Amino acid sequence: MEERNYAEILGKEPDIAVRAPGRINLIGEHTDYNKGFVLPVAIDRQITLTLGTRADKKVIIYSGDFGEEVSFDLSQDSYDSKRTWSNYPRGVIQSLKMEGCELKGFNAFFRGDIPMGVGLGSSAAVEVAFAYGLDQLFGLSLKPKKMALLCQEAENSFVGVNCGIMDQFTSLLGRKDHALLLDCRSLEYQYIRLNLKDFRLIVIDTGIKRELQDTRYNIRRNECEQGVKVISRCLKAIHSLREVSLLEFNNIKDFLPENLRMRSQHVIEENKRVRLCSRLLEKGDLQGFGRLMVKSHQSLRDLFEVSCDELDFIVEKLRKDPGVLGARMTGAGFGGCAIALIKEDHIESLAQGLSGKYRKRFSAEPNFYPIKASAGASRIGRV
Ligand code: GLA
């Protein structure tokens, strides 16, 4: 598509420009909405957003990636079923208004290089770019944690996906060269330095797009909530799966219907893996971290049932390769991306070999992206 910028489209120079990154999750999948632990990394792919104020109450948003524009009045906004990309900023505007933030009319132009719909947090990055950008434009002085919660609220209530807090939190608070160990109940967090030695984190994109509006995500969340109800009846009153130890769970698991047992077991064991992984990474034990990545994948495949043939194929091939320490699906699943920890000098030959095998099996081409751990949302010079 022809490259155009804010000034060409909106007829004047913008006031500010901001960026918000996508994310991968090293481990801790489907644990965030169960009030557990996650270990994500903000990546060096991002949404850039330029903003300018207007004298009236109008909002004009142009998406450079879709080559489309929406315009509406600040006081009257509703879900847009045609230009669904616009529901992320619309949702954020609504959350900010509900929070009592004083907004005025504005023009916005955004685009990004985060592959969309493949589990790399592109929607959260759009939300965060708007929340952070509007906060800067109008001097709202929102704290990052509050902003993350408002973005999550936008996605839950306006877009209609019951996502957890991980993606928005990471896009705001990620740090260069670090992973973020987040307790999704207290929202306390800690940075874990990533010393990967001669290994690199690689994203392998199956190319299978997944719409999070996809009801399967909400179904999993619902199953976890039902798990909480049954466990509360036969063990103790709990509000989330986070509150159950593996020992307690093993004593009562036979009372749970099969699907609820499987979902709950994944969440309880995955929470343990996250904390163990953080300790291993702090000690520089990359082998141990790699082994837990594979365990996490197997649990997402067999117990939480959110993997797919393509992701399983990639992880199986990678884990047998001597240049790979670990691999797993990342994000919600049902397609999307895998991540792997691969020896740097081995990446090219491995990517070639794996692409050939993948092509033969699925008649499709996987994409490989090396990624770096990057900083959360920030102001930038004009784009
Ligand atoms: C999506 C959601 C997150 C989280 C992951 C699964 O990325 O947005 O909140 O639930 O799936 O770990």
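Which residues lie nearest the centre of the largest pocket, and how many residues line this pocket? The largest pocket is lined by 40 residues, and those nearest its centre are Tyr88, Met116, Gly117, Ser122 and Ser123. This is a predicted model, in which local features need pLDDT of at least 70 and side-chain atom pairs count only at pLDDT 80 or more, while totals for chains, interfaces and linings use all residues. Residues are numbered from 1 along each chain as its sequence is written, and side-chain values use heavy atoms, with hydrogens and water left out.

**The largest pocket**

- The volume of the largest pocket is about 730 Å³, where a volume is the space filled by probe spheres set on grid points that are joined across faces, edges and corners.
- A pocket here is an open set of points on a 1 Å grid over the protein atoms alone, where a 1.4 Å probe fits, with protein on both sides within 12 Å along at least five of seven lines, and its lining residues have an atom within 4 Å of a point.
- At least two residues of this lining come from each of β6 (106-112), α3 (122-138) and α5 (166-173), and α3 gives the most, with four residues; helices (H or I, at least four residues) and strands (E, at least two) are DSSP runs, numbered from the N terminus.
- Domain 1 (6-194 + 374-379) and domain 2 (199-371) each contribute at least three residues to the lining of the largest pocket, with the domain bounds coming from an automatic or database domain assignment.

**The second largest pocket**

- The second largest pocket holds about 270 Å³ of space, and of the 18 residues that line it, Asp32, Tyr33, Asn34, Lys35 and Arg221 are the closest to its centre.
- Two or more residues of this lining are given by each of α4 (144-159) and α6 (215-234), and α6 gives the most, with four residues.
- The lining of the second largest pocket also draws at least three residues from each of domain 1 and domain 2.

**Helix packing**

- The axes of α2 (residues 87-98) and α4 come within 8 Å and cross at roughly 115°, so α2 and α4 are roughly perpendicular to each other (65 to 115 degrees counts as roughly perpendicular, under 35 as roughly parallel, over 145 as roughly antiparallel and the rest as oblique).
- Helices α3 and α4 pack at an angle of about 130°, with their axes 10 Å apart, which makes α3 oblique to α4.

Notes
Axes are lines fitted to C-alpha atoms, for helices over the stretch in contact, and angles run from 0 to 180 degrees between N-to-C directions.
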